[in-house]
Amino acid sequence: MSHTKKINGSRRQFLKTTSLGTVGMAATGGITTNLLASSKAMAAESSTVMSAAHWGPLGIVVENGKVVKSGPAIEPTIANELQTVVAEQVHSDVRVKYPMVRKGYLENPGKSDTSLRGHDEWVRVSWDKALELVHNGLKQVRDSQGPSGVFAGSYGWYSSGSLHASRTLLHRFMNLTGGFVGTKGDYSTGAAQVIMPHVMGTIEVYEQQTSWEMILEHSEIVVLWSANPMTTLRNAWTSTDQQGTDYFKKLKESGKRVICIDPVRSETCDYLGAEWIPVNTATDVPLMLGIAHSLITAGKHDQEFLKKYTVGYDKFEAYVLGKAEDGVVKDAAWASQICGVPAETIKQLALDFAAKRTMLMGGWGMQRQRHGEQTHWTLVTLASMIGQIGLPGGGFGLSYHYANGGVPTATGGIVGAISANTSGESGGQTWLDETSKMSFPLARISDALLNPGKVIQYNGTEVTYPDIKLIYWAGGNPFTHHQDTNTLIKAWQKPETVVVNEIYWTPTARMADIVLPVTTSFERNDLTMSGDYSMLNIFPMKKAVEPQFEAKSDYDIFAALSKLAGVEDKFTEGKSEMDWLKGFYQSAYDAARKNRVIMPRFEQFWEANQPITFKVGDKAKQWVRYAEFRADPLLNPLGTPSGKIEIYSDTVAKMGYDDCKGHPSWMVPEEYAGNTTAEAPLALVTPHPYYRLHSQLCFSSALREKYTVNGREPVLIHPDDAQARGIANGDIVRLFNQRGQVLAGAVVSDGVIKGTVALHEGAWYDPAELGTAEKPLCKFGNPNVLTMDIGTSKLAQGNSPNTAILQVEKYSGEAPAVSVFSEPKYTTA
């Protein structure tokens, strides 16, 4: 980025290297479609294989059974470096090569010293022994405690694919063998997905948006509020279709006014040349309230829209004007004192939004904070006051930054996928009634492990925590994902057994008792679609190389465990890998025929080694979210009790929660930029990283070279904050608070608001002196060592990482070496 100053010597310019405007396609080593010839045309010792990942369609060059190069199978408009590291993914030094068991657990299964997790010795065992230990551990817990004693985690970004989806396969296995306790919600949108159904009648955050064609044609102002799409659109839940970034390039070329409201001047802000309005971390609601007050006092709020399409606005207006409850007038001056945006800017934003067709593109980071429900509720209320919801290019959207939302939906077929349920679950799933009552919000995992039997409030109901004795995690990495790592360590010692299926020695794998080595997606066959919302392509995910070392696919692992449990035939349904894929493809083929779209037969598709791309019709290009509701709210009501936008929700109000009232409100967090202390004078924000997907690819040395500072995760700090602490660009610094401490490399930059430091989420946890230090120093820079493990509110119980305060100091002495990217030592049984 332009605001990053040069770091000397061996240190990389963290933000400058992420500047999208300076990345040339030549740097990617791209492998375009014309190279994806059929393998028959390739030399026997060298071939190019088509596959895909979250970060898009891939061409993989294989020579003599080894991956040597990868790049985009469909050339993207803007380079995506994540597509270039398949060789390192497959042949990484940090792969889990063999089944491993913690020494103490092997000597005393289910009754070991659990405080040794993370720093005990490892023992290599046979697959038969490892599977026997897992099977016996599950049987022991279910026999003594029932299904409520088993927690099947696997939250997170499963590998792209219709068959090899680790979470689905884990739950399928668990459903067949006696049940488990699951979770509600997720980390990404924990607060928004609970409040939005009360406000809009749908979760909003995982749904198609007004078409980009309508944005480019009709929008006059585009506001990116806590959103950084040029980073987050590099990935998708399935596989990115790469069209989202292409549309943002078109937005840039259109010359439209773009505003970025964010504590950090993001990659997107720089790329678009947008106006940056820096805002104090966790103060988006006061800023919105200040804009709302300005609209009211200027008489610019759309009273006709509010009357026809919403309920409860009068209560909200009284709150904003200080005529109810706290008696505080939420005007621009009041808001400015909290959020740091000048009052005149707030007033002008109100006038501009009312005068111009405005699309408020809300991100999810601002709801990952204490009282996070209020951010999106207030954003919808603000959009309602502007009165453009349901108009082309106007209103709000909560998924433009995610999985290519707004890219028009193509007409074709949808590939099928394996299900967590089968037609023959054991006992008719009689365990469901018991375990469904104990399913708890995902972000409360530490609380649940530490406090079995505790009752919490959740969305108008009560949840009782189960007594978890066994954790089985497949396809996730909670020791980089979950807040307040040191509390999680204590919680993680409660269960008797922890099993992890993993490709790499992640921090979570290192905290397990049994680790089963899993194949990458490039060592098996699969299918995926692209775009999540657009459904634009079907990508073949062809096996590039044979499984490395003793790795097995999750499917084969759970099939083997199902055999031990006597239900293998139900798990596999007698199908091979290719049988499943042919069936999934046939589902798309049949649907496409009904849509009068021609697809090749599966054998032709698979042999061709190329994607299938569907066409997008004019109707999809002209689609406007909530247009039908706006045209006739009586015939097309929302899914709320009133059928309208509920600015005031009687349902929420009757829950009686003190931390989530009946209308959008500003409630002061326990920790944020406005209540720092002498011991913790800085706020923390944890944006998405550019060179990985959450914690995925953090192991890649090729990618780490592009952003690390002195081998550590970079932390952005404002020049004034750095100068006051004697910190220079490139220094190793210690970030610390009452919860923990981490090392990071300083990037001194005016691209972060003064008083806030930015440490990107997803950095692997690498503790020094685990087991001996009360608050071990994380040597690499995982921000969740510092974040608060507290629910957003009693309504959603989401996660709150962006409400934390801390201190930063220059690190003195020799910094300990980073060790998490090296394979741990082991012996052989």
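The following legends describe an overview and several close-up views of a predicted model.

**Figure 1. Overall architecture of the chain.** The predicted chain contains 29 helices and 32 strands. Its radius of gyration is 26 Å, close to the 28 Å that the globule rule gives for 829 residues, so the chain is as compact as a globular protein of that length. The C-alpha trace spans about 75 × 65 × 60 Å along the principal axes. Of the 829 residues, 63% are buried. When contacts between residues at least 6 apart in sequence are considered, 76% join residues at least 24 apart.

**Figure 2. The largest pocket and its lining.** The volume of the largest pocket is about 400 Å³. Its lining comprises 18 residues, and those closest to the pocket centre are Gly118, His119, Arg510, Pro767 and Leu770. Two elements, helix H20 (507-510) and strand E29 (767-768), each give two or more residues to this lining. By residue class, the lining consists of nine nonpolar, three polar and six charged residues.

**Figure 3. Surroundings of His688.** His688 occupies the loop between strand E24 (682-685) and helix H28 (701-704). Its relative accessibility is 25%, so His688 counts as partly exposed. With residues up to four places away in sequence not counted, His688 touches Thr231, Thr232, Arg368, His694, His760 and Glu761. The C-alpha atoms of His688 and Asn228 are 8.1 Å apart in space, although the two residues are 460 residues apart in sequence.

**Figure 4. Surroundings of Thr409.** Thr409 is located in the loop between strand E13 (395-397) and helix H16 (432-438). A relative accessibility of 33% places Thr409 among the partly exposed residues. Apart from residues up to four places away in sequence, the residues that Thr409 touches are Gln208, Tyr533, Ser534, Val616 and Ala620. Thr409 and Leu382 are 27 residues apart in sequence, and their C-alpha atoms are 28 Å apart in space.

**Figure 5. Surroundings of Trp623.** Trp623 lies in the loop between helix H25 (618-621) and helix H26 (627-631). With a relative accessible area of 36%, Trp623 is partly exposed. When neighbours within four places in sequence are left aside, Trp623 is in contact with Gln208, Gln209, Thr210, Ser211 and Met214. A separation of 9.3 Å is found between the C-alpha atoms of Trp623 and Gly406, which are 217 residues apart along the chain.

Figure 6. Leu450 belongs to helix H17 (residues 445-450). Its relative accessible area is 30%, and Leu450 is therefore partly exposed. Thr487, Lys490, Ala491 and Lys494 are in contact with Leu450, its neighbours within four places in sequence being left aside. Leu450 and Trp492, which are 42 residues apart in sequence, are 8.5 Å apart in space, C-alpha to C-alpha.

Figure 7. Thr572 forms part of helix H22 (residues 568-572). Its relative accessibility is 11%; Thr572 therefore counts as buried, the threshold being under 20% relative accessible area. Leaving aside neighbours within four places in sequence, the contacts of Thr572 are Tyr555, Ala559 and Trp580.

Figure 8. Most residues other than glycine have a negative phi. Ala282, which is not a glycine, has a positive phi of about 70°. This residue is in the loop between strand E10 (275-278) and helix H10 (284-297). At 4% relative accessibility, Ala282 counts as buried. Asn609 likewise has a positive phi, near 65°, in a residue other than glycine. The loop that holds Asn609 is between helix H24 (602-608) and strand E22 (612-613). Asn609 has a relative accessibility of 3% and so counts as buried.

Conventions. Residues numbered from 1 in each chain as written. Predicted model: local features only at pLDDT ≥ 70, side-chain atom pairs only at ≥ 80, totals over all residues. Heavy atoms only, no water. 1 Å grid on protein atoms, 1.4 Å probe; cavity = no way out; pocket = protein on both sides within 12 Å on 5 of 7 lines; lining within 4 Å. Points joined across faces, edges and corners; volume = space filled by probe spheres on them. Helix = DSSP H or I, 4+ residues; strand = E, 2+ residues; numbered from the N terminus. Nonpolar A, V, L, I, M, F, W, Y, C, P; charged D, E, K, R; others polar. Rg over C-alpha atoms; globule rule 2.2 N^0.38 Å. Buried < 20%, exposed > 50% of the residue type's maximum accessible area, 1.4 Å probe, protein only. Contact = heavy atoms within 4.5 Å.
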